[in-house]
Amino acid sequence: MNASGQKTRIDWVSRSCHLLRATEAEFEREKPFGGLTIATAIHLEPKTASLLVTLQAGGAQIVATGNLNSTQAETIDYLQGRGIEVIGRKTTDDADHEADIAAMLQRRPDLLLDNGGDMFAKVAAAPYANLLGGTEETTSGRMRLEPMRDRFSFPILVINDIPIKQFAENRHAVGQSLFESYLRFTNRSTNGKRVTVFGYGACGRGVAACFRNAFAVTSVVDCNPVTTLEAHLDGFATPLRDEAVSSADVIVTVTGAPDILTEDDLGLIKDGAILMNGGHFPVEIAVDRMMADKTVNKVERYEDGLETLHMADGRRIHILGHGHMANLAGPRPLGNTIESMDLGFTLQARCLEWIAKGRVVADQCVVPVPAEIDAQVAEDYLAFNR
Ligand SMILES: NC(=O)c1ccc[n+]([C@@H]2O[C@H](COP(=O)([O-])OP(=O)(O)OC[C@H]3O[C@@H](n4cnc5c(N)ncnc54)[C@H](O)[C@@H]3O)[C@@H](O)[C@H]2O)c1
(Lines give C-alpha, C1' and ligand atoms only; values in the text may rest on other atoms or scores of the structure.)
Protein backbone atom coordinates (compact mmCIF):
# COMPACT_ATOMS: atom_id res chain seq x y z
CA MET A 1 0.00 0.00 0.00
CA ASN A 2 1.17 3.57 -0.60
CA ALA A 3 0.52 6.56 1.70
CA SER A 4 -2.93 7.10 0.09
CA GLY A 5 -3.95 3.52 0.84
CA GLN A 6 -3.66 2.49 -2.82
CA LYS A 7 -1.91 -0.62 -4.00
CA THR A 8 1.50 0.11 -5.51
CA ARG A 9 2.96 -0.49 -8.94
CA ILE A 10 4.98 -3.33 -7.46
CA ASP A 11 1.68 -4.96 -6.44
CA TRP A 12 0.33 -4.47 -9.98
CA VAL A 13 3.45 -6.03 -11.50
CA SER A 14 3.44 -8.88 -9.02
CA ARG A 15 -0.20 -9.77 -9.77
CA SER A 16 0.51 -9.59 -13.51
CA CYS A 17 3.42 -12.07 -13.37
CA HIS A 18 1.30 -15.21 -13.70
CA LEU A 19 4.18 -17.58 -14.37
CA LEU A 20 6.24 -16.32 -11.44
CA ARG A 21 3.26 -16.55 -9.08
CA ALA A 22 2.69 -20.19 -10.12
CA THR A 23 6.40 -20.89 -9.72
CA GLU A 24 6.40 -19.19 -6.33
CA ALA A 25 3.56 -21.45 -5.13
CA GLU A 26 5.48 -24.54 -6.31
CA PHE A 27 8.75 -23.34 -4.73
CA GLU A 28 6.90 -22.63 -1.48
CA ARG A 29 5.98 -26.33 -1.32
CA GLU A 30 9.25 -27.82 -2.59
CA LYS A 31 11.90 -25.43 -1.23
CA PRO A 32 14.55 -26.10 -3.94
CA PHE A 33 16.87 -23.45 -2.45
CA GLY A 34 16.61 -24.48 1.21
CA GLY A 35 19.80 -23.43 3.05
CA LEU A 36 21.29 -21.68 -0.01
CA THR A 37 22.20 -18.03 -0.52
CA ILE A 38 21.50 -16.47 -3.93
CA ALA A 39 23.22 -13.22 -4.91
CA THR A 40 21.56 -11.18 -7.64
CA ALA A 41 23.07 -8.25 -9.53
CA ILE A 42 20.29 -7.15 -11.84
CA HIS A 43 18.19 -3.98 -12.32
CA LEU A 44 16.25 -3.41 -9.11
CA GLU A 45 12.81 -2.48 -10.37
CA PRO A 46 9.32 -3.93 -9.79
CA LYS A 47 9.60 -6.95 -12.11
CA THR A 48 12.87 -8.04 -10.51
CA ALA A 49 11.19 -7.77 -7.11
CA SER A 50 8.71 -10.37 -8.32
CA LEU A 51 11.56 -12.72 -9.25
CA LEU A 52 13.40 -12.24 -5.97
CA VAL A 53 10.26 -12.96 -3.95
CA THR A 54 9.82 -16.16 -5.99
CA LEU A 55 13.37 -17.30 -5.21
CA GLN A 56 12.88 -16.42 -1.56
CA ALA A 57 9.74 -18.59 -1.47
CA GLY A 58 11.98 -21.47 -2.56
CA GLY A 59 13.90 -21.18 0.70
CA ALA A 60 16.78 -18.98 -0.49
CA GLN A 61 18.48 -16.30 1.51
CA ILE A 62 18.72 -13.44 -1.00
CA VAL A 63 21.30 -10.69 -1.23
CA ALA A 64 20.69 -8.23 -4.05
CA THR A 65 22.29 -5.26 -5.76
CA GLY A 66 21.39 -3.39 -8.94
CA ASN A 67 23.10 -2.44 -12.18
CA LEU A 68 24.41 1.01 -13.11
CA ASN A 69 21.77 3.75 -13.00
CA SER A 70 18.62 1.61 -12.97
CA THR A 71 17.99 0.95 -9.25
CA GLN A 72 14.61 2.22 -8.02
CA ALA A 73 14.27 3.33 -4.38
CA GLU A 74 10.71 1.99 -3.96
CA THR A 75 11.89 -1.45 -5.03
CA ILE A 76 14.68 -1.40 -2.44
CA ASP A 77 12.16 -0.45 0.28
CA TYR A 78 9.80 -3.22 -0.83
CA LEU A 79 12.53 -5.87 -0.87
CA GLN A 80 13.92 -4.84 2.49
CA GLY A 81 10.37 -5.00 3.87
CA ARG A 82 10.31 -8.64 2.72
CA GLY A 83 13.55 -9.46 4.49
CA ILE A 84 15.74 -9.35 1.38
CA GLU A 85 19.16 -7.78 1.94
CA VAL A 86 19.94 -5.03 -0.58
CA ILE A 87 23.46 -3.71 -1.00
CA GLY A 88 24.03 -0.24 -2.48
CA ARG A 89 21.76 2.41 -3.90
CA LYS A 90 21.20 3.86 -7.40
CA THR A 91 24.58 4.85 -8.81
CA THR A 92 26.19 5.77 -12.11
CA ASP A 93 29.65 5.51 -10.57
CA ASP A 94 31.66 2.47 -11.69
CA ALA A 95 33.77 2.38 -8.51
CA ASP A 96 30.68 2.43 -6.24
CA HIS A 97 29.11 -0.33 -8.28
CA GLU A 98 32.30 -2.41 -8.11
CA ALA A 99 32.33 -2.00 -4.34
CA ASP A 100 28.71 -3.19 -4.13
CA ILE A 101 29.55 -6.28 -6.21
CA ALA A 102 32.55 -7.02 -3.98
CA ALA A 103 30.36 -6.69 -0.87
CA MET A 104 27.87 -9.17 -2.37
CA LEU A 105 30.58 -11.74 -2.97
CA GLN A 106 31.87 -11.40 0.58
CA ARG A 107 28.66 -13.25 1.57
CA ARG A 108 30.03 -16.29 -0.35
CA PRO A 109 26.70 -16.93 -2.14
CA ASP A 110 25.95 -20.47 -3.38
CA LEU A 111 24.24 -19.28 -6.55
CA LEU A 112 24.72 -16.11 -8.63
CA LEU A 113 22.20 -14.39 -10.87
CA ASP A 114 24.26 -11.98 -12.96
CA ASN A 115 23.34 -9.34 -15.53
CA GLY A 116 26.32 -8.11 -17.51
CA GLY A 117 28.88 -10.46 -15.92
CA ASP A 118 29.94 -8.17 -13.06
CA MET A 119 29.84 -10.87 -10.36
CA PHE A 120 31.27 -13.74 -12.40
CA ALA A 121 34.15 -11.55 -13.61
CA LYS A 122 35.10 -10.95 -9.98
CA VAL A 123 34.73 -14.65 -9.14
CA ALA A 124 37.08 -15.50 -12.03
CA ALA A 125 39.76 -13.45 -10.27
CA ALA A 126 38.97 -14.75 -6.75
CA PRO A 127 37.12 -18.10 -6.83
CA TYR A 128 35.60 -19.64 -3.68
CA ALA A 129 34.60 -23.17 -2.84
CA ASN A 130 30.85 -23.38 -2.24
CA LEU A 131 29.70 -21.70 -5.47
CA LEU A 132 27.36 -24.08 -7.33
CA GLY A 133 27.03 -21.87 -10.43
CA GLY A 134 24.47 -19.46 -11.74
CA THR A 135 22.94 -17.56 -14.58
CA GLU A 136 23.89 -14.66 -16.83
CA GLU A 137 21.04 -12.65 -18.34
CA THR A 138 22.58 -10.73 -21.26
CA THR A 139 24.49 -10.84 -24.54
CA SER A 140 26.97 -8.33 -23.13
CA GLY A 141 27.62 -10.59 -20.13
CA ARG A 142 28.05 -13.66 -22.31
CA MET A 143 30.63 -11.88 -24.49
CA ARG A 144 32.51 -10.82 -21.37
CA LEU A 145 32.47 -14.27 -19.71
CA GLU A 146 33.26 -16.48 -22.73
CA PRO A 147 37.02 -15.73 -22.64
CA MET A 148 37.07 -16.55 -18.90
CA ARG A 149 35.35 -19.93 -19.27
CA ASP A 150 38.46 -21.92 -18.25
CA ARG A 151 38.46 -20.20 -14.88
CA PHE A 152 35.00 -21.46 -13.91
CA SER A 153 34.43 -24.95 -12.52
CA PHE A 154 30.64 -24.74 -12.28
CA PRO A 155 27.72 -24.26 -14.68
CA ILE A 156 26.73 -20.82 -15.96
CA LEU A 157 23.55 -20.77 -18.00
CA VAL A 158 23.07 -17.79 -20.32
CA ILE A 159 19.44 -16.77 -20.46
CA ASN A 160 19.90 -14.49 -23.46
CA ASP A 161 20.77 -17.17 -25.99
CA ILE A 162 17.58 -19.17 -26.14
CA PRO A 163 14.58 -18.69 -28.41
CA ILE A 164 12.12 -17.34 -25.81
CA LYS A 165 14.47 -14.61 -24.57
CA GLN A 166 15.46 -13.73 -28.12
CA PHE A 167 11.98 -13.18 -29.47
CA ALA A 168 9.83 -12.44 -26.42
CA GLU A 169 12.15 -9.97 -24.72
CA ASN A 170 14.88 -8.81 -27.06
CA ARG A 171 12.85 -8.50 -30.24
CA HIS A 172 9.35 -7.66 -29.08
CA ALA A 173 9.76 -6.10 -25.63
CA VAL A 174 13.00 -4.13 -26.10
CA GLY A 175 11.64 -2.78 -29.38
CA GLN A 176 8.44 -1.60 -27.72
CA SER A 177 10.09 -0.17 -24.63
CA LEU A 178 12.88 1.72 -26.40
CA PHE A 179 10.28 3.19 -28.72
CA GLU A 180 8.12 4.07 -25.68
CA SER A 181 11.21 5.60 -24.04
CA TYR A 182 11.83 7.89 -26.99
CA LEU A 183 8.26 9.20 -26.64
CA ARG A 184 8.46 9.34 -22.83
CA PHE A 185 11.76 11.27 -22.74
CA THR A 186 11.12 13.65 -25.60
CA ASN A 187 7.33 13.91 -26.12
CA ARG A 188 8.30 14.36 -29.79
CA SER A 189 6.69 12.63 -32.76
CA THR A 190 8.16 9.91 -34.94
CA ASN A 191 6.12 10.58 -38.07
CA GLY A 192 8.32 11.23 -41.06
CA LYS A 193 11.43 11.39 -38.87
CA ARG A 194 14.57 9.67 -40.11
CA VAL A 195 15.54 7.08 -37.52
CA THR A 196 18.79 5.10 -37.71
CA VAL A 197 19.16 1.96 -35.63
CA PHE A 198 22.70 0.71 -35.01
CA GLY A 199 22.66 -3.07 -34.56
CA TYR A 200 20.18 -5.43 -36.21
CA GLY A 201 20.38 -8.26 -33.71
CA ALA A 202 17.38 -9.43 -31.74
CA CYS A 203 16.93 -6.06 -30.01
CA GLY A 204 17.67 -3.91 -33.05
CA ARG A 205 15.14 -5.82 -35.18
CA GLY A 206 12.40 -4.96 -32.69
CA VAL A 207 13.50 -1.34 -32.33
CA ALA A 208 13.60 -0.80 -36.10
CA ALA A 209 10.18 -2.43 -36.54
CA CYS A 210 8.57 -0.31 -33.80
CA PHE A 211 9.85 2.98 -35.24
CA ARG A 212 8.83 1.96 -38.75
CA ASN A 213 5.37 1.03 -37.47
CA ALA A 214 5.17 4.53 -35.99
CA PHE A 215 5.64 6.08 -39.43
CA ALA A 216 9.34 6.87 -39.12
CA VAL A 217 11.65 6.53 -42.13
CA THR A 218 13.88 3.88 -40.60
CA SER A 219 17.37 2.76 -41.58
CA VAL A 220 19.71 0.16 -40.13
CA VAL A 221 23.50 0.02 -39.76
CA ASP A 222 25.12 -3.26 -38.76
CA CYS A 223 28.80 -4.22 -39.06
CA ASN A 224 27.81 -7.71 -40.21
CA PRO A 225 27.01 -7.78 -43.94
CA VAL A 226 24.75 -10.83 -43.58
CA THR A 227 22.67 -9.08 -40.91
CA THR A 228 22.64 -5.93 -43.04
CA LEU A 229 21.31 -7.97 -45.94
CA GLU A 230 18.55 -9.27 -43.68
CA ALA A 231 17.63 -5.67 -42.77
CA HIS A 232 17.61 -4.77 -46.46
CA LEU A 233 15.31 -7.69 -47.29
CA ASP A 234 13.09 -6.71 -44.36
CA GLY A 235 12.59 -3.41 -46.17
CA PHE A 236 14.84 -1.10 -44.18
CA ALA A 237 17.21 1.35 -45.80
CA THR A 238 20.81 0.26 -45.19
CA PRO A 239 22.94 3.29 -46.04
CA LEU A 240 26.66 3.44 -45.38
CA ARG A 241 27.45 4.34 -41.79
CA ASP A 242 28.42 7.99 -42.21
CA GLU A 243 25.50 8.71 -44.49
CA ALA A 244 23.15 7.12 -41.93
CA VAL A 245 24.65 9.22 -39.11
CA SER A 246 24.52 12.49 -41.02
CA SER A 247 20.92 12.11 -42.20
CA ALA A 248 19.30 10.85 -38.98
CA ASP A 249 16.89 12.82 -36.77
CA VAL A 250 17.07 10.03 -34.19
CA ILE A 251 19.89 7.51 -33.68
CA VAL A 252 19.39 4.44 -31.49
CA THR A 253 22.38 2.26 -30.58
CA VAL A 254 21.67 -1.33 -29.57
CA THR A 255 24.75 -3.36 -30.46
CA GLY A 256 26.43 -4.42 -27.21
CA ALA A 257 29.68 -2.85 -28.51
CA PRO A 258 31.49 0.30 -27.31
CA ASP A 259 32.04 3.55 -29.22
CA ILE A 260 29.32 3.21 -31.80
CA LEU A 261 28.99 7.01 -31.74
CA THR A 262 31.97 9.05 -30.54
CA GLU A 263 33.39 12.56 -30.54
CA ASP A 264 34.64 11.85 -34.07
CA ASP A 265 31.01 11.82 -35.23
CA LEU A 266 30.15 15.23 -33.80
CA GLY A 267 30.93 16.93 -37.10
CA LEU A 268 28.58 14.56 -38.94
CA ILE A 269 25.51 14.58 -36.73
CA LYS A 270 22.58 16.64 -37.98
CA ASP A 271 21.32 19.75 -36.18
CA GLY A 272 18.59 18.74 -33.71
CA ALA A 273 19.38 15.02 -33.78
CA ILE A 274 18.45 12.91 -30.76
CA LEU A 275 20.83 10.13 -29.63
CA MET A 276 19.77 7.25 -27.39
CA ASN A 277 21.19 3.93 -26.33
CA GLY A 278 19.46 0.61 -25.67
CA GLY A 279 22.57 -1.56 -25.19
CA HIS A 280 23.33 -2.89 -21.74
CA PHE A 281 26.40 -0.80 -20.89
CA PRO A 282 26.51 2.99 -21.22
CA VAL A 283 29.44 2.74 -23.63
CA GLU A 284 27.80 2.71 -27.05
CA ILE A 285 27.58 6.50 -27.17
CA ALA A 286 30.79 8.08 -25.81
CA VAL A 287 28.81 10.79 -24.03
CA ASP A 288 31.51 12.14 -21.71
CA ARG A 289 34.09 12.32 -24.50
CA MET A 290 31.59 14.04 -26.77
CA MET A 291 30.79 16.59 -24.08
CA ALA A 292 34.48 17.31 -23.48
CA ASP A 293 35.20 17.81 -27.19
CA LYS A 294 36.54 21.21 -28.21
CA THR A 295 33.79 21.62 -30.82
CA VAL A 296 31.16 21.67 -28.04
CA ASN A 297 30.55 25.18 -26.70
CA LYS A 298 28.34 24.21 -23.80
CA VAL A 299 26.15 21.44 -22.46
CA GLU A 300 22.65 22.34 -21.35
CA ARG A 301 20.87 20.01 -18.95
CA TYR A 302 17.09 19.77 -18.74
CA GLU A 303 15.16 17.86 -16.11
CA ASP A 304 14.22 14.25 -16.84
CA GLY A 305 17.62 13.24 -18.22
CA LEU A 306 17.69 15.37 -21.38
CA GLU A 307 21.02 16.95 -22.33
CA THR A 308 21.81 19.23 -25.24
CA LEU A 309 25.26 19.79 -26.73
CA HIS A 310 25.60 23.25 -28.24
CA MET A 311 28.14 22.96 -31.02
CA ALA A 312 30.48 25.81 -31.95
CA ASP A 313 28.87 25.97 -35.41
CA GLY A 314 25.40 26.47 -33.91
CA ARG A 315 24.08 22.90 -34.24
CA ARG A 316 22.42 21.25 -31.25
CA ILE A 317 22.62 17.54 -30.46
CA HIS A 318 20.39 15.98 -27.81
CA ILE A 319 21.25 12.90 -25.72
CA LEU A 320 18.76 10.88 -23.67
CA GLY A 321 19.63 9.53 -20.21
CA HIS A 322 23.35 10.31 -20.61
CA GLY A 323 23.66 7.26 -22.88
CA HIS A 324 22.42 4.80 -20.26
CA MET A 325 19.98 2.12 -21.37
CA ALA A 326 17.08 4.44 -22.15
CA ASN A 327 14.26 2.09 -21.19
CA LEU A 328 15.48 2.02 -17.59
CA ALA A 329 16.49 5.70 -17.41
CA GLY A 330 14.75 9.05 -17.33
CA PRO A 331 11.29 9.85 -16.04
CA ARG A 332 9.13 6.93 -14.84
CA PRO A 333 11.20 4.19 -16.46
CA LEU A 334 9.02 1.12 -16.82
CA GLY A 335 11.46 -1.11 -18.71
CA ASN A 336 10.32 -4.05 -20.79
CA THR A 337 6.75 -5.34 -20.65
CA ILE A 338 5.65 -7.36 -17.66
CA GLU A 339 4.79 -10.39 -19.80
CA SER A 340 8.25 -10.52 -21.38
CA MET A 341 9.96 -10.29 -18.01
CA ASP A 342 7.58 -12.84 -16.46
CA LEU A 343 8.82 -15.24 -19.15
CA GLY A 344 12.49 -14.28 -18.80
CA PHE A 345 12.47 -14.35 -15.02
CA THR A 346 10.67 -17.69 -14.91
CA LEU A 347 13.51 -19.00 -17.07
CA GLN A 348 15.91 -17.53 -14.50
CA ALA A 349 14.08 -19.19 -11.60
CA ARG A 350 13.99 -22.57 -13.37
CA CYS A 351 17.69 -22.40 -14.30
CA LEU A 352 18.70 -21.64 -10.72
CA GLU A 353 16.45 -24.49 -9.56
CA TRP A 354 18.18 -26.91 -11.97
CA ILE A 355 21.62 -25.80 -10.81
CA ALA A 356 20.63 -26.10 -7.14
CA LYS A 357 19.35 -29.63 -7.79
CA GLY A 358 22.54 -30.60 -9.69
CA ARG A 359 20.60 -31.12 -12.94
CA VAL A 360 23.29 -29.30 -14.97
CA VAL A 361 27.00 -30.06 -14.85
CA ALA A 362 30.15 -27.93 -14.70
CA ASP A 363 30.80 -28.44 -18.43
CA GLN A 364 27.64 -26.43 -19.12
CA CYS A 365 29.57 -23.24 -18.58
CA VAL A 366 28.55 -20.05 -20.40
CA VAL A 367 26.09 -22.05 -22.50
CA PRO A 368 22.45 -21.41 -23.36
CA VAL A 369 19.66 -22.58 -21.06
CA PRO A 370 18.76 -26.27 -21.70
CA ALA A 371 16.01 -26.56 -24.34
CA GLU A 372 13.85 -28.55 -21.90
CA ILE A 373 13.55 -25.52 -19.61
CA ASP A 374 12.70 -23.28 -22.57
CA ALA A 375 9.95 -25.71 -23.66
CA GLN A 376 8.51 -26.04 -20.16
CA VAL A 377 8.24 -22.26 -19.72
CA ALA A 378 6.69 -21.85 -23.19
CA GLU A 379 4.05 -24.49 -22.40
CA ASP A 380 3.25 -22.88 -19.05
CA TYR A 381 2.86 -19.42 -20.67
CA LEU A 382 0.62 -20.77 -23.44
CA ALA A 383 -1.53 -22.61 -20.88
CA PHE A 384 -2.25 -19.26 -19.16
CA ASN A 385 -3.14 -17.57 -22.42
CA ARG A 386 -5.40 -20.14 -24.08
N1 LIG B 1 17.49 -2.32 -23.19
C2 LIG B 1 17.14 -3.53 -22.78
O3 LIG B 1 16.16 -3.72 -22.06
C4 LIG B 1 17.94 -4.70 -23.24
C5 LIG B 1 17.41 -6.00 -23.17
C6 LIG B 1 18.15 -7.06 -23.69
C7 LIG B 1 19.41 -6.83 -24.20
N8 LIG B 1 19.92 -5.56 -24.20
C9 LIG B 1 21.27 -5.25 -24.71
O10 LIG B 1 21.16 -4.80 -26.07
C11 LIG B 1 22.41 -5.06 -26.75
C12 LIG B 1 22.13 -5.83 -28.04
O13 LIG B 1 21.56 -7.08 -27.72
P14 LIG B 1 21.10 -8.12 -28.87
O15 LIG B 1 20.48 -9.26 -28.15
O16 LIG B 1 20.35 -7.45 -29.95
O17 LIG B 1 22.53 -8.53 -29.42
P18 LIG B 1 22.88 -9.29 -30.79
O19 LIG B 1 24.23 -9.85 -30.59
O20 LIG B 1 21.74 -10.16 -31.20
O21 LIG B 1 22.93 -8.10 -31.86
C22 LIG B 1 23.89 -7.08 -31.86
C23 LIG B 1 24.05 -6.60 -33.29
O24 LIG B 1 24.89 -5.47 -33.29
C25 LIG B 1 25.80 -5.59 -34.37
N26 LIG B 1 27.01 -4.82 -34.08
C27 LIG B 1 28.01 -5.11 -33.21
N28 LIG B 1 28.95 -4.16 -33.23
C29 LIG B 1 28.54 -3.24 -34.14
C30 LIG B 1 29.09 -2.04 -34.63
N31 LIG B 1 30.27 -1.58 -34.19
N32 LIG B 1 28.38 -1.35 -35.56
C33 LIG B 1 27.21 -1.80 -36.03
N34 LIG B 1 26.64 -2.95 -35.61
C35 LIG B 1 27.30 -3.66 -34.68
C36 LIG B 1 26.08 -7.08 -34.47
O37 LIG B 1 26.56 -7.43 -35.77
C38 LIG B 1 24.68 -7.66 -34.19
O39 LIG B 1 23.92 -7.82 -35.37
C40 LIG B 1 23.28 -5.79 -25.72
O41 LIG B 1 24.07 -4.87 -25.04
C42 LIG B 1 22.25 -6.39 -24.76
O43 LIG B 1 22.80 -6.68 -23.50
C44 LIG B 1 19.21 -4.50 -23.76
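Author: A quick word before we start: domain bounds come from an automatic or database domain assignment. You're looking at a predicted model, where local features need pLDDT of at least 70 and side-chain atom pairs count only at pLDDT 80 or more, while totals for chains, interfaces and linings use all residues. Residues are numbered from 1 along each chain as its sequence is written.

Reader: How many residues does the contact take from domain 2?

Author: Residues count as in contact if their C-beta atoms, placed from the backbone, lie within 7 Å. Domain 1 puts in twelve residues, and domain 2 gives ten.

Reader: And on the side of domain 1 that touches domain 2, which element gives the most?

Author: Elements are DSSP runs numbered from the N terminus: helices (H or I, at least four residues) and strands (E, at least two). That side of domain 1 splits into two nonpolar, nine polar and one charged residue (Ala, Val, Leu, Ile, Met, Phe, Trp, Tyr, Cys and Pro count as nonpolar, Asp, Glu, Lys and Arg as charged, and the others, Gly among them, as polar). With three residues, the top giver is α7.

Reader: Let's turn to the ligand. Which residues come nearest?

Author: A residue is near a molecule or strand if its C-beta atom, placed from the backbone, lies within 6 Å of it. There are 28 residues around the ligand, and the ones that come nearest are G199, G201, C203, G256 and H280.

Reader: Which element gives the most to that shell around the ligand?

Author: Both domains take part, since the shell draws at least three residues from each of domain 1 and domain 2. Elements giving two or more residues are α7 (139–145), α8 (163–186) and α9 (202–213). With three residues, the biggest contributor is α9.

Reader: Zooming out, what is the radius of gyration of the protein chain?

Author: The chain holds 14 helices and 14 strands. For 386 residues the globule rule (2.2 Å times the number of residues to the power 0.38) gives 21 Å, and the chain's own value is close to that, so it is as compact as a globular protein of that length. Taken over C-alpha atoms, the radius of gyration is 21 Å.

Key. Contact = placed C-beta atoms within 7 Å.
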